Amino acid sequence: MLFRSFGRNNNGQLGLGDNTNRQEPHKIEGLPRILSVSCGFSFSACVDSDGVVWCFGENGSGQLGLGHTTAQNKPTKVPGLPPIRSVHCGRYHTLCIDHNSELWAFGQNSYGQLGLGNSTQQNSPQKVPVTNISLACCGGEFSTIQDNNGHVYSCGDNEYGQLGLGHKEQQNRFVRLSSLPDISSFSCGYRHQVFLTATGDALAVGYNGNGQLGTGDNTSRSSAVKISALSNITHLSCGRNHTMAISDKGQLYTCGYNGNGELGTGDTQKRNSPQALPLQHACSLSHGVSNFTIVGDKNGKVWAFGCND
């Protein structure tokens with residue numbers, strides 16, 4: 001995979017060896033074949049075909065896993081990790097799943113988002129006391145994982161009930177969301193998350209001040225609720241304060257904050273119910289703690305809208 005980057009680069013998060021912003025894609029030199037990529041808040045991480053993790057950008061919380069807190073403007077290998085198959089970035093923390101389905105974490109841990117049973121920042125990778133992990137996603141200051149049995153767990157900041165545990169108590173270890181049905185995937189926003197069920201339904205939980213839960217109101221939830229306006233969904237993704245979904249017919253839906261036009265509705269008004277967009281044959285979505293949306297269609301085209309500062 002040819003790895004290119006563009007956008008803001010004040011902390012070297014583009015990995016181009018400088019701190020100059022780019023408005024067009026530029027090739028990142030010195031990287032082998034890359035299989036997995038994730039972006040946090042002003043930092044980036046990727047995994048190559050040998051399972052090596054490379055990180056670059058802001059590092060004030062140790063989120064690059066390099067054993068120090070110095071920012072890097074070129075891709076740098078993360079030491080102390082076994083071969084990794086996927087990497088996942090939050091606001092200032094990082095999770096990695098290795099080929100033995102073990103979980104590793106590093107970075108900010110003020111809310112217990114690393115799942116280590118404490119709130120101590122970690123500048124180097126730490127093995128998390130969980131096993132058989134298949135999926136992971138990072139929110140702003142919380143984390144969610146799924147094991148090979150399909151069970152979902154979360155930890156970290158829970159101010160708005162975003163952990164989906166039915167309460168708002170912060171957790172520094174992963175706790176199972178026992179009330180969920182069979183879940184096939186999930187995505188985390190800044191303070192909310194969404195779940196895709198095995199039957200194509202969409203569930204949402206957490207902060208809803210901008211309508212990002214898609215429930216037709218602005219009430220936050222601490223237990224996952226069904227987004228009744230959505231069905232036969234194949235993809236779900238969260239931005240910072242908005243949510244995106246794709247149906248089995250390739251129909252794209254968005255809801256939530258829209259101050260930057262990230263909903264693609266042609267205006268900047270919030271929506272608390274999913275809105276269908278006139279974009280045909282959508283098949284993939286970006287996700288992360290961001291105020292923009294990137295969509296891929298079945299013809300190989302990429303569409304982008306939202307914040308472009």
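Is Asn-59 buried or exposed? Hold that thought for a second, everyone, while I mention that what we have here is a predicted model.

Okay, the answer: Asn-59 is buried, and its relative accessible area comes out at 0%. As for where it sits, Asn-59 belongs to the loop that runs between β5 (53-57) and β6 (72-77). Its side chain reaches the backbone oxygen of Thr-70, at 3.1 Å. If you leave out residues up to four places away in sequence, Asn-59 touches Leu-64, Gly-65, His-68, Thr-69, Thr-70 and Ala-71.

Now, on to charges. In general, side chains of opposite charge can pair when their charged atoms come close. How many salt bridges does the structure hold? Six, and I'd like to walk you through some of them.

Let me begin with Lys-226 and Asp-201, whose side chains meet in a salt bridge at 3.8 Å, N to O. Lys-226 lies in strand β18 (residues 221-226), while Asp-201 is in the loop between β16 (192-197) and β17 (202-206), so this pair ties together parts that are 25 residues apart in sequence. Lys-226 is partly exposed, with a relative accessible area of 47%.

Next up is Asp-217, which forms a salt bridge with Arg-221; the closest N and O atoms there are 3.0 Å apart. Asp-217 is partly exposed too, at a relative accessible area of 23%.

Then we have Arg-271 and Asp-267, with side chains meeting in a salt bridge at 2.9 Å, N to O. The two partners fall on either side of the 20% cut-off for buried: Arg-271 counts as buried at 16% relative accessibility, whereas Asp-267 counts as partly exposed at 25%.

Last stop, the sheet. Which strands form it, and in what order? Four strands make an open sheet, ordered β7-β8-β9-β10, with antiparallel pairing. At the edges are β7 (84-89) and β10 (122-127), each of which pairs on one side only. From one strand to the next, the twist averages 15°.

Zooming in on one pairing, strand β9 (residues 103-107) and β10 run antiparallel and are joined by three bridges.

Notes
Residues numbered from 1 in each chain as written. Predicted model: local features only at pLDDT ≥ 70, side-chain atom pairs only at ≥ 80, totals over all residues. Heavy atoms only, no water. Salt bridge = Lys/Arg side-chain N within 4 Å of Asp/Glu carboxyl O. Helix = DSSP H or I, 4+ residues; strand = E, 2+ residues; numbered from the N terminus. Buried < 20%, exposed > 50% of the residue type's maximum accessible area, 1.4 Å probe, protein only. Polar contact = N/O pair within 3.5 Å; in protein donor to acceptor, adjacent residues only side chain to side chain. Contact = heavy atoms within 4.5 Å. Pairing = 2+ DSSP bridges. Axes fitted to C-alpha atoms, helices over the stretch in contact; angles between N-to-C directions.
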